Every structure is written in structure tokens, then in C-alpha cells.
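Please open the structure in your viewer and keep the sequence beside it.

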Amino acid sequence: GNMGDQAIAIAEKKFIKDILPDYSILEILINNTSNLLGLIKKNIKKEDIIFFQGGGNIGDIYIKSEIFRRKIIKCFKNNKIISFPQTIHFSSSKSGLIELEKSKKIYNNHSNLLLTAREETSYAIMKNIFPKNKVILTPDMVLYLNEQDKKDVRENIFVCLRSDREGIISCKDRIELLIKL
């Protein structure tokens, strides 16, 4: 899978263990959500907190994640739900605008939903479209790991540029960037 998402998940679990040491963590992968929903509904308590993994999947780019997130938000109105730092993007296409309206309605209908944005643009968008939810700006959770040994001397730069649907740098700009490094 995506190594960045895996690092985010590790950081988030570490964070939860550090701030809520008396809580047990039950991790449910997105693909298991539908199968386990009934069991979760039977066993969840009001004081249980639901966390959504951070990253960049609020919106219609990764619609499967957005659909599952909306389903959980609708099902667990009595629980505090916290979305770890996210980037948000809904396209301006007809389907993107329809999905945006669905998310607005569901998110804004949950009184105890905390959204965290991992950069200023997403923060402004979330504040605008989710006015009934608390929205805060927080760095990406992967930075919580901070595993660098202070004694290490670093001399090189590692560059990793996306070439998937989230990549936004043109081939020409990539070459210019690498030449300058």
C-alpha cells in the first residue's frame, strides 16, 4: 500500500496511546467497515471515541473513503468523532458537487465531529463548508513520529514526487526542480 498512509497510521496510534493511555484501540480497516458495522453498533459505548485516519481523502478523489466516513458519521451520532489531519478536495464536476452536498449535510448534522486540516487551504475550505463542526489546523500526523536521532548527520536529500492522480507537478517542472537540487 501507500507507505505515507502507513506511516500516518503508525503516528496516529502512537498519539492516541500517548494522550489516552487508558483506552484500548480497535483498528478497523475501511474494507471491513460494512461487515463489522452491526457488531460495532451493538458494542460501542457513548464514551468511545471514533478516529478517522488522516491523509488526503475527504472529497471525491477517493470516494470510497468518503462514503464510508459519511456512513460512520451518520451511524454514530452519540459518539465523539475526530478526523485526523486531512486535505480536502471536491472537484467542480457535477458528480463532485453532488458528493460535496452529501458530505455537507451529513457532517454538519453531527454535533460532536472534530475536523482537522493539515494545511491552510483545506482549513479554509472546511471552515466554510462545515460551519457547524469544529475545525482546527494541525500538521500532518506523520510528524508526530519525529524518530530522527539528533546525533545523525544528514548530507543528502531524498526527493519523492507523486505520479498518480494526486501529483500536480509537470514533467518539465520536475526536471527543473531536480536540476536545482
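The model is a predicted one, in which local features need pLDDT of at least 70 and side-chain atom pairs count only at pLDDT 80 or more, while totals for chains, interfaces and linings use all residues. Residues are numbered from 1 along each chain as its sequence is written, and side-chain values use heavy atoms, with hydrogens and water left out.

Now switch to a cartoon view. The chain contains 6 helices and 5 strands; these are DSSP runs numbered from the N terminus, helices being H or I with at least four residues and strands E with at least two. Their order along the sequence is α-α-β-β-α-β-α-β-α-β-α. The C-alpha trace spans about 55 × 45 × 30 Å along its principal axes.

Next, select M3 in helix 1 (residues 3-19). Is M3 buried or exposed? Its relative accessibility is 70%, so M3 counts as exposed.

Proceed to helix 4 (residues 94-108), which has 15 residues. Its buried residues are G96, E99, L100, S103, I106, Y107 and N108. Show what covers them, including strand 2 (55-59), helix 3 (63-75), strand 4 (113-117) and helix 5 (120-129); contact means heavy atoms within 4.5 Å.

Select S103 within helix 4. With 0% relative accessibility, S103 counts as buried. Apart from neighbours within four places in sequence, S103 is in contact with E66, R70, F90, N108 and F130.

Finally, display helix 3 together with helix 4. Two packed helices are described by the angle between their axes and the distance between the axes. Here the angle is about 25 degrees and the axes of helix 3 and helix 4 are 10 Å apart. Helix 3 is therefore roughly parallel to helix 4, a term for angles under 35 degrees. To view the contact, select I63, E66, R69, R70, I73 and K74 in helix 3, which meet E99, K102, S103, I106 and Y107 in helix 4.

Notes
The expected span of a helix is 1.5 Å times one less than its number of residues. Buried means under 20% relative accessible area, exposed over 50%, partly exposed in between (1.4 Å probe, protein chains only). Axes are lines fitted to C-alpha atoms, for helices over the stretch in contact, and angles run from 0 to 180 degrees between N-to-C directions. Angles under 35 degrees count as roughly parallel, over 145 as roughly antiparallel, 65 to 115 as roughly perpendicular and the rest as oblique.
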